Amino acid sequence: MTYEHLNKHPFLRDFSADLIEVIERASTLQTFAAGDTLITEGRAANQFFLLTDGSVAVSAGQGRGEKRVLEMLREGDVLGWSWMIDPYVWTFEGRAISPVRAIAIDAGELRDAMATNHALAHALLGRMLPVMAARLRAARLEVLALGPEAA
């Protein structure tokens, strides 16, 4: 993983070099084929992804039959926020719709760094809250679209 990959990603725009270097130590570049699952609802949230190429469908529906697509993510987006909230279990599924290239960031390593580096924790929380809000807004809209029987 190189500093340049991270520095170019919109999620990390305006992060200081020191913060990007910490994130770099927890990062690897990964590729996925169309149809591959990046995150699975109900499983441990051990990493999250900064998408650099391709499309990922975010869906939900564990235990309710067919999964419903809530949102489509593309280059420049972030996949995964459950890694920040105990018990660190995915609440959505992320499946590659096309070939995907992503920066995978080790959640445990990053949480450990955040525990001692408050500037990192503050910066990441400020970037992750809008991601969380967008996913929850998409889920709410899907529930509303299903009508009263879904509530």
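Modeller: Helices (H or I, at least four residues) and strands (E, at least two) are DSSP runs, numbered from the N terminus. Read along the sequence, the protein follows the pattern α-α-β-β-β-β-β-β-β-β-α-α, which comes to 4 helices and 8 strands. Please keep in mind that this is a predicted model, in which local features need pLDDT of at least 70 and side-chain atom pairs count only at pLDDT 80 or more, while totals for chains, interfaces and linings use all residues. Residues are numbered from 1 along each chain as its sequence is written, and side-chain values use heavy atoms, with hydrogens and water left out.

Colleague: What is the order of the strands in the open sheet?

Modeller: Two strands pair if DSSP finds at least two bridges between them. Here an open sheet of 4 strands has the order S2-S7-S4-S5, with antiparallel pairing, and its edge strands, S2 (37-39) and S5 (68-73), each pair on one side only. Between S2 and S7, which run antiparallel, there are 2 bridges, and Ile39 stands opposite Gly94 in S7.

Colleague: How many aromatic pairs are there?

Modeller: Rings of Phe, Tyr and Trp (its six-membered ring) pair if their centres lie within 6.5 Å, and planes under 30 degrees apart count as stacked, over 60 as edge-to-face and the rest as tilted. By this rule there are 4 aromatic pairs. In one of them, the ring centres of Phe32 and Phe49 are 5.7 Å apart and the planes stand at 85°, so the pair is edge-to-face. This pair links distant parts of the chain, with Phe32 in strand S1 (residues 27-32) and Phe49 in strand S3 (residues 47-53), 17 residues apart.

Colleague: Are Phe32 and Phe49 buried or exposed?

Modeller: Buried means under 20% relative accessible area, exposed over 50%, and partly exposed in between (1.4 Å probe, protein chains only). Both Phe32 and Phe49 are buried. The rings of Trp81 and Phe92 also pair, with centres 6.3 Å apart and planes at 65°, so this pair too is edge-to-face. Trp81 and Phe92 are both buried, and of the 151 residues of the protein, 42% count as buried.

Colleague: Which residues do ring pairs link into a cluster?

Modeller: That cluster is made of Phe11, Phe48 and Trp83.

Colleague: Where does the charged end of Arg111 sit?

Modeller: A charge sits over a ring if NZ of Lys or CZ of Arg is within 6 Å of the ring centre and within 35 degrees of the ring normal. The charged end of Arg111 sits over the ring of Tyr88, 3.8 Å from its centre.
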